Amino acid sequence: MILFYTYDLSDYITMSLPANIVDRYQIYLRLEKSLSPNSVDAYLHDLDKLMDFAEAEQTDPANLTYEVLQQFMAQLHDLGIHPRSQARIISGVKSFYRFLQLERLIENDPTELLEMPKIGMKIPEVLSVNEINSLIETIDLSQPEGQRNRAMLEVLYSCGLRVSELINLRYSDVYFEEEFIKVEGKGSKQRLVPISPIALKEIKNYLFDRNRIPVKKGFEDFLFLNRRGTAISRVMIFYIIKQQAELAGIKKNVSPHTFRHSFATHLLEGGAHLIAIQKMLGHENIRTTEIYAHIDREFLRKEILEHHPRSK
């Protein structure tokens, strides 16, 4: 059973919003926006900051104006909250006011003109193709879980999956003939992702070992299993990757997400269109994908010098 936190607004609401507005907002986030329990809790936690501010202003959140909300943003900055966290809070506040508008509890959205704080772009850690190959080659196939680990890392890199998507991948979602896998991403949204022949070959090799595992009830369709016959944990994926990176002599801070970043970067360097990469990664917004256009500036510079007619 999934439990959600319930916030009591009785101390805050003095004018127009219904006392159960946060409960209704919670249902909206969970059912209409299809957010995960953790995301719903994060939205409500950030909303609590707005409620505290409204209480300090001795007013109802529905009556906060654009100018007053700018003061709220300034307060977040004065408290030393990181710009990235400020942006997340403001995004949650905007979502709440859009909900109030949908519910016809307010006529105009006071957050419409609010600008997000400027966030410096954080370039993710990326492995080279040689480093990826080296890391995977260090896996000892003579060990009981060796072939499984090799298949997992090949799928992780071949498809650019999130670690949660990898551990929840079903056998029935692997289309061997069509060379696609069906992935369930954030918000239970599904997408089809091409999978390389090499990754499919490693999965087929792993199936010989998998078929010898006594599978627990409810896990029959999970592709990657631990020795107890249940789904492998995300912690174990982190451990496996850290261990193999160390054996390969890679000094970078490597995690499952590094494989995802490397997948996107190598596709971009190979000439793949940014929108295609967006679809494969399951990003809702192209702006999320655009970070990969900034990773290898030297590569892009070389491409321009090599191919632009004015550079010849």
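**Close-up views of a predicted model**

The accessible surface of the protein chain comes to about 18200 Å², and 51% of this surface belongs to carbon and sulfur atoms. The model shown here is predicted.

**View 1. The protein chain as a whole, with its 13 helices and 3 strands.** Of the 312 residues in the protein chain, 42% are buried. Among contacts with a separation of 6 or more, 56% are accounted for by residues 24 or more positions apart.

**View 2. The largest nonpolar core, made up of 47 residues.** The residues with the most contacts inside this core are V155, I181, F224 and F259. Several elements give two or more residues to the core, including helix 5 (129–137), strand 2 (180–184), helix 8 (197–210) and helix 10 (256–269), while helix 6 gives the most, with 7 residues. In soluble globular proteins, nonpolar side chains tend to be buried together.

**View 3. The surroundings of F224, a residue of the largest nonpolar core.** Leaving aside residues up to four places away in sequence, F224 touches R148, A151, M152, V155, L166, L169, Y206, T230, A231 and I232. A second, separate core of 29 residues includes L44, V68, F72 and F99.

**View 4. The residue D46, which lies in helix 2 (residues 37–56).** D46 counts as buried because its relative accessibility is 3%, and the cut-off for buried is under 20%. The side chains of D46 and R88 are joined by a polar contact of 2.8 Å. When residues up to four places away in sequence are not counted, D46 touches R88 and I89.

Methods. Residues are numbered from 1 along each chain as its sequence is written. This is a predicted model: local features need pLDDT of at least 70, side-chain atom pairs count only at pLDDT 80 or more; totals for chains, interfaces and linings use all residues. Side-chain values use heavy atoms; hydrogens and water are left out. A nonpolar core is a set of buried Ala, Val, Leu, Ile, Met, Phe, Trp, Tyr and Cys residues joined through side-chain atoms within 4.5 Å. Buried means under 20% relative accessible area, exposed over 50%, partly exposed in between (1.4 Å probe, protein chains only). Helices (H or I, at least four residues) and strands (E, at least two) are DSSP runs, numbered from the N terminus. Contact means heavy atoms within 4.5 Å. A polar contact is a pair of N or O atoms within 3.5 Å; within protein, one must be able to donate a hydrogen and the other to accept it, and residues adjacent in sequence count only if both atoms are side-chain atoms. Accessible areas come from the Shrake-Rupley method with a 1.4 Å probe; for residues, only the protein chains shown count as cover.
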